[in-house]
Amino acid sequence: MYFPDKRHPCSRCGKSYKHRGSLTLHQKHEYSGRYLCHCGKSYKHKFSLNKHVKYECGKEPQFQCPYCSYRGKRKGAVKSHISRKHVKIPFNCPCGKSYKHKANLYSHRKYECGKQPTFQCPFCPYMAKLKKSLNSHLASKHMTGNHRYNCNCGRSYKNKSDLMKHLKYECGQEPKFKCPLCPYKAKRKSNMKTHIGIFLADVRYSCSCGKTYKQKAGLYNHRRFECGKEPNFKCPRCPYKAKRKSTLISHIGVKHYLDSDLFTCSCGKSYKHKPNLYNHRRFECGKEPTFQCPLCVYKAKRKLTLSNHIILKHLNRFTCTCGKSYKHKRNLYNHRKYECGKEPMFVCTKCPYRAKQKVALKSHMMLKHFNTYSLRFSCNCGKSYKYKQNLNNHRKFECGKQPMFECSECPYRAKLKGNLKAHMAVRHFKSSRFTCTCGKSYKHKRNLYNHRKYECGKEPMFECTKCPYRAKQKGNLNINNFRFAISVSDKRFICSCGKSYKHKPNLYKHRKFECGKEPMFECTKCPYRAKQKCNLNSHFLAISFGKKRFFCQCGKSYRYKANLNRHRKYECDKEPKFECSKCPYKAKQKSSLNSHLALKHSDLSGIHTCLTCGKSYKYQRGLSLHRKYECGKEPQFQCPNCPYRAKRKSSLQSHF
């Protein structure tokens, strides 16, 4: 823990003092001479023990709530109960704000109501009316580390209050709150309430206006800001009005973030949010990279960028004493908490399988017992869902509700806004496209945003080191580097079993699911088994719907949805714009023009040559398949009827 001006920290609670004598008095007062009751409870001060003996220890609750059957042992406990359960928001200010407690109303009138912000942030233009608001801003926006307060058990926390609660309720304590529905036990009452709320999905918090909420905080915020209130936050760009400021900010970010008033720096870069522009000017604009990677020559302008580089490029930084290593610290923490040296305690109800983590048991149920586990959450109307969130959305927006989202192109009406968007994208995709002033159109809004930010009117600034190619986006340059790599080592990631991959994530998935593993995903309709779930899904689609299941209005059909989208974007009712320089041929897609050049003009044949064996291919795809399956490889596909063996599965099928 870092203390800029206090040198003597307490090892138990985290407080620090400038003088050692103050630390000694603190430890003597806090951790020696506790006042203990014969019932087992302990108190910091003697008067607290006296009140406990007088009102609580062995006494019956004597203060009755006038609104319900609740009884408390102290009058203050009954007052708190009434303010929480039976009083909405009793303290109102003339400015329109309301508060649950009188002290909050008093602080609002003293420091906030009609006052100007007086506390200035030393790092940015932020100003606050309360000092605690400034401290929260500093801790969230300008804190150097993610966790400042550390406990002796190894846990770390961002806020001091969280560390104090951990020391009081969790560190070295046994769970004392037992669930009445299952063997689960918790150390905090709030965790037990959350756990019970998972089982009791029908227990909801309802308002008098008819709206229901899953959590009590949602009902409280609804009563404070929405119920019976008029919207007073107006959008400056359209007639939209919101009841909450956060809702208005989300509306502007979703509906108007493509407007011309983006936050632009003098160097030409533009940002969607103002804090990003501020950070760019502070750390990047005109600055030299100062953070050096200790494992390679990479240098970054920000410490966070360097941390992400180390996580992505130099994997498995966090290692356990048992030998397992993890990419992220939280995975190591979960491994030590639930797996390392622990016995499996989650038992499958369908088979003898046992898991150390609950999420592993859920995955097992979904993979092995798919037919009985796929639809677990059922509504009273008869519909069932795989995930609980879908059931909650169904009850909130669909069950017994009338469709309120109407299509502007046809009589279609939907109960969910997402369904209306999907309908517009499928049925009226031409009218629902996002078009730039330069003429290009996109299916998704984010693609139009990226086009305006990096491409529209911009010069290519990413240059390839192996050819004259220049790109406007770094991703396009990476694709070009992979496509025209000179040697195998430039782009190949090789496993110890001999297989090689173009991208590193593919090698990681191969090691995790395939290398030395048995197929564990079994088809329910045929003996097919797969090592990855995506392969099983593709197999299901192939045997259920056939090869072509996506149809365009012009009559063409495709096997994959991406091909249908590409057809609609470049081919359907479009004029060919790619012209061959050697003949009058014109194509609608650039890939078609490249294929035409390779087929019709023989001077371009055989340009892709393997450096190992010397074979040449007309297409880059042919060279890639040759390196993957043939070059220096043994035939691995055996014919069951004769001794014939093939290096490719297609060759074996032709042999049949």
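Biologist: How does K499 count, as buried or as partly exposed?

Modeller: K499 lies in the loop between β35 (493-494) and β36 (500-501); helices (H or I, at least four residues) and strands (E, at least two) are DSSP runs numbered from the N terminus. A residue is buried under 20% relative accessible area, exposed over 50% and partly exposed in between (1.4 Å probe, protein chains only). Because its relative accessibility is 42%, K499 counts as partly exposed.

Biologist: Before we go on, what kind of model is this?

Modeller: Residues are numbered from 1 along each chain as its sequence is written, and side-chain values use heavy atoms, with hydrogens and water left out. Local features need pLDDT of at least 70 and side-chain atom pairs count only at pLDDT 80 or more, while totals for chains, interfaces and linings use all residues, since the model is predicted.

Biologist: Thanks! Which residues does K499 touch, not counting those up to four places away in sequence?

Modeller: A contact means heavy atoms within 4.5 Å. H510 is eleven residues from K499 along the chain, and their C-alpha atoms are separated by 8.9 Å. Beyond four places in sequence, K499 touches F493, I494 and H510.

Biologist: Stepping back to the whole protein, what share of its residues is buried?

Modeller: The protein has 24 helices and 46 strands. Residues 24 or more positions apart account for 10% of its contacts with a separation of 6 or more. It exposes about 46,300 Å², of which carbon and sulfur atoms supply 53%, with areas from the Shrake-Rupley method. Of the 656 residues, the buried ones make up 24%.

Biologist: Now the charges. How many salt bridges does the structure hold?

Modeller: A salt bridge is a side-chain nitrogen of Lys or Arg within 4 Å of a carboxyl oxygen of Asp or Glu. By that rule, the number of salt bridges in the structure is five.

Biologist: How many residues apart are E170 and R188?

Modeller: E170 forms a salt bridge with R188, with the closest N and O atoms 3.1 Å apart. The pair links distant parts of the chain, E170 in helix α6 (residues 160-170) and R188 in the loop between β14 (185-186) and α7 (189-199). E170 counts as buried because its relative accessibility is 13%.

Biologist: What is the relative accessible area of R648?

Modeller: E630 forms a salt bridge with R648, their closest N and O atoms being 3.0 Å apart. This pair also links distant parts of the chain, with E630 in helix α23 (residues 620-630) and R648 in the loop between β46 (645-646) and α24 (649-655). R648 is partly exposed, because its relative accessible area is 21%.

Biologist: What is phi of D573 near?

Modeller: D573 is in the loop between α21 (561-570) and β41 (578-579), and it is exposed because its relative accessible area is 66%. Most residues other than glycine have a negative phi. D573 has a positive one, near 60°.

Biologist: One last stop: with which residues is H251 in contact, leaving aside its neighbours within four places in sequence?

Modeller: H251 is found in helix α9. It is buried because its relative accessible area is 13%. Past those neighbours, H251 is in contact with C235, C238, Y240 and H256.

Notes. Areas by Shrake-Rupley, 256 points an atom, 1.4 Å probe, with all protein chains shown as cover.
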